[in-house]
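Have your viewer ready and try each one before reading on.

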Amino acid sequence: KSLRGHESLAIKSSILKRSIADVAQCYYDGGDVLYDGRKAGGKQMGELTISPAPLRFFHHYQRLLDYVETHPYAREHVTVLLEYCRRTYGSNFQEAKRLFAEAQVNQKHLAKLYLPNSIVISCADGNERAYVVSKWPYIRDFGSLELTCWAWQNNGTGWYRSRHTLTVPP
């Protein structure tokens, strides 16, 4: 299904769910990956919904391709998904990779620079501050990019994770 231009995919194959979990290079926060409506940390793996699918597979396509080389039992299931991604997102992914290789980015591919558990630096009010991205980027209706992050903060007696939302204008 499509929501605000972000496609989500429902994965039903247990082999494919396991393969995706094995190659995931970031943790999930806030219920963006759900198993039958429960967060990914639940004990049972029902239907797996991946959203936003284009961002996830941009970052995991090559890892899934490598995965089938060492896990032949998963080849048939993973290959079907990869072929779908190639047909659906292939030219988009290639354009983004070409721009990134040239140290360039445009608005269309900006969200591909960020994934959960990556570190971003913001310079607000002339002060640099590091944040950890905790969710996949969200593109607002008016084109700005929203990053949900956290940073360490001291309350005078100890350290805690402070939630922040960073906005990148269009």
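A crossing of two helices is left-handed if the near helix is turned anticlockwise from the far one by less than a right angle, and right-handed if clockwise. Keep in mind that this is a predicted model.

**Exercise 1.** Describe how helix 2 and helix 3 cross, and which residues meet there.

*Solution.* 
Step 1: Start with the axes. Those of helix 2 (53–70) and helix 3 (75–101) come within 8 Å and cross at roughly 125°.
Step 2: Classify the angle. Over 145 degrees would count as roughly antiparallel, and 65 to 115 as roughly perpendicular; helix 2 and helix 3 are therefore oblique to each other.
Step 3: Apply the handedness rule. The crossing of helix 2 and helix 3 comes out left-handed.
Step 4: List the contacts. From helix 2, the residues include Phe57, Phe58, Tyr61 and Leu65, and they face a set in helix 3 that includes Leu82, Cys85, Tyr89 and Phe93. Sorted by class, this contact has 16 nonpolar and 4 charged residues, with no polar ones.

**Exercise 2.** Work out how helix 1 is oriented to helix 3, and the classes of the residues in their contact.

*Solution.* 
Step 1: The axis of helix 1 (residues 14–23) comes within 9 Å of that of helix 3, and the two cross at roughly 75°.
Step 2: An angle of 65 to 115 degrees counts as roughly perpendicular, so helix 1 is roughly perpendicular to helix 3.
Step 3: Ile15, Leu16, Ser19 and Ile20 in helix 1 meet His77, Val78 and Leu81 in helix 3. The classes here are 5 nonpolar, 2 polar and no charged.

**Exercise 3.** Which peptide bond is cis, and where does its proline lie?

*Solution.* 
Step 1: Check omega. The bond from Ser51 to Pro52 has omega near 0°, and is cis.
Step 2: Pro52 sits in the loop between strand 6 (48–50) and helix 2.

Terms used:
Residues are numbered from 1 along each chain as its sequence is written. This is a predicted model: local features need pLDDT of at least 70, side-chain atom pairs count only at pLDDT 80 or more; totals for chains, interfaces and linings use all residues. Side-chain values use heavy atoms; hydrogens and water are left out. Helices (H or I, at least four residues) and strands (E, at least two) are DSSP runs, numbered from the N terminus. Axes are lines fitted to C-alpha atoms, for helices over the stretch in contact, and angles run from 0 to 180 degrees between N-to-C directions. Angles under 35 degrees count as roughly parallel, over 145 as roughly antiparallel, 65 to 115 as roughly perpendicular and the rest as oblique. Contact means heavy atoms within 4.5 Å. Ala, Val, Leu, Ile, Met, Phe, Trp, Tyr, Cys and Pro count as nonpolar, Asp, Glu, Lys and Arg as charged, and the others, Gly among them, as polar.
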